[in-house]
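Welcome! Here is a friendly briefing to read alongside the sequence and the 3D view. Take a look at both before going on.

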Amino acid sequence: MTAPRHFLDLWRMDSADLRAILDDARARKAARAGWPMGRVDADAPGRDRVLAMIFEKHSTRTRFSFDAAMRQLGGDVLISTSADMQLGRGEPIEDTAKVLSRMVDAIMIRANRHEDVERLAMSGTVPVINGLSDKGHPCQILADILTIEEHRGPVAGKTIAWVGDGNNVCSSFIRAAPKLGFRLNI
């Protein structure tokens, strides 16, 4: 069995894969222009697929954007908070990963600790997406870079300024800069 491809942090991805993700997102967004939000993409790559979404940390934008995206790709979601499940309090993360791997096609987790994201990925047999951890916010950075490119053109060769705390978002920007060829001033 081939190991699943996870999306845990930007430093694990090569530049070509990150660029492919951004280009695909741009193309999908353009193809959907003028469509109702609930319409499924023409190619429906998520058809018959289920994404489990685990929220240890609550979020409006992450929850709704992942839910809407999965529906637009033709799939469905199961959403749970840490209060809804035994994750980390009575059931080891490794057990949760094994159980969910038998029921869903992928898992997105918005976690308090990056170590928990890693443990979930190592123990499951389906792809795991880091929706946020204390060490990174890779999906947010790709969304930010897509927005920058939509308004200012390709990010390669540009200088981006980060003003704020040295948090998980800043960390992901630091990891994205050399991969996508932009300068980051903090």
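In which strand is the place of Thr-81? Thr-81 sits in strand β2, which covers residues 76-81. Keep in mind that this is a predicted model.

**Strand β2**

- Thr-81 counts as buried because its relative accessibility is 12%, and buried means under 20%.
- Setting aside residues up to four places away in sequence, Thr-81 touches Phe-55 and His-58.
- Val-77 also belongs to strand β2, and with a relative accessible area of 11% Val-77 is buried.
- Apart from neighbours within four places in sequence, Val-77 is in contact with Leu-51, Met-53, Phe-66, Asp-67 and Met-70.
- Between Val-77 and Thr-125 there are 18 Å in space, C-alpha to C-alpha, and the two are 48 residues apart in sequence.

**Helix α5**

- Helix α5 runs over residues 138-152, which makes 15 residues.
- Just after α5 comes Gly-153, with a positive phi of about 85°.

**Helix α3**

- In helix α3 (residues 93-101), the buried residues are Ile-93, Thr-96, Ala-97, Leu-100 and Ser-101.
- Around the axis they cover an arc of only 125°, which puts them on the same side of α3.
- The cover over these buried residues includes β1, β3 and α4 (114-123).

**Nonpolar cores**

- In soluble globular proteins, nonpolar side chains tend to be buried together.
- Here the largest nonpolar core has 20 residues, and Ile-145, Phe-173 and Phe-182 have the most contacts inside it.
- Helices α1, α5 and α6 each supply at least two residues of this core, and α6 gives the most, with 6 residues.
- Phe-182 is in contact with Ile-145, Val-155, Gly-157, Lys-158, Ile-160, Phe-173, Ala-176 and Ala-177, leaving aside neighbours within four places in sequence.
- There is also a second, separate core of 17 residues, and among them are Ala-52, Leu-87, Ala-97 and Val-126.

**The largest pocket**

- The largest pocket has a volume of about 2,000 Å³.
- Its lining is made up of 46 residues, of which Ile-21, Ala-25, Phe-66, Ala-69 and Leu-73 lie nearest the centre.
- Two or more lining residues come from each of α1, β1 (50-55), α2 (61-72), β3 (106-110), β4 and α5.

- Although Ala-44 is not a glycine, it has a positive phi of about 40°.
- Asp-48 is not a glycine either, yet its phi is positive, at about 65°.

Notes: Residues numbered from 1 in each chain as written. Predicted model: local features only at pLDDT ≥ 70, side-chain atom pairs only at ≥ 80, totals over all residues. Heavy atoms only, no water. Helix = DSSP H or I, 4+ residues; strand = E, 2+ residues; numbered from the N terminus. Expected span 1.5 Å × (residues − 1). Core = buried A, V, L, I, M, F, W, Y, C linked by side-chain atoms within 4.5 Å. Buried < 20%, exposed > 50% of the residue type's maximum accessible area, 1.4 Å probe, protein only. Contact = heavy atoms within 4.5 Å. 1 Å grid on protein atoms, 1.4 Å probe; cavity = no way out; pocket = protein on both sides within 12 Å on 5 of 7 lines; lining within 4 Å. Points joined across faces, edges and corners; volume = space filled by probe spheres on them. Arc of directions from axis to C-beta.
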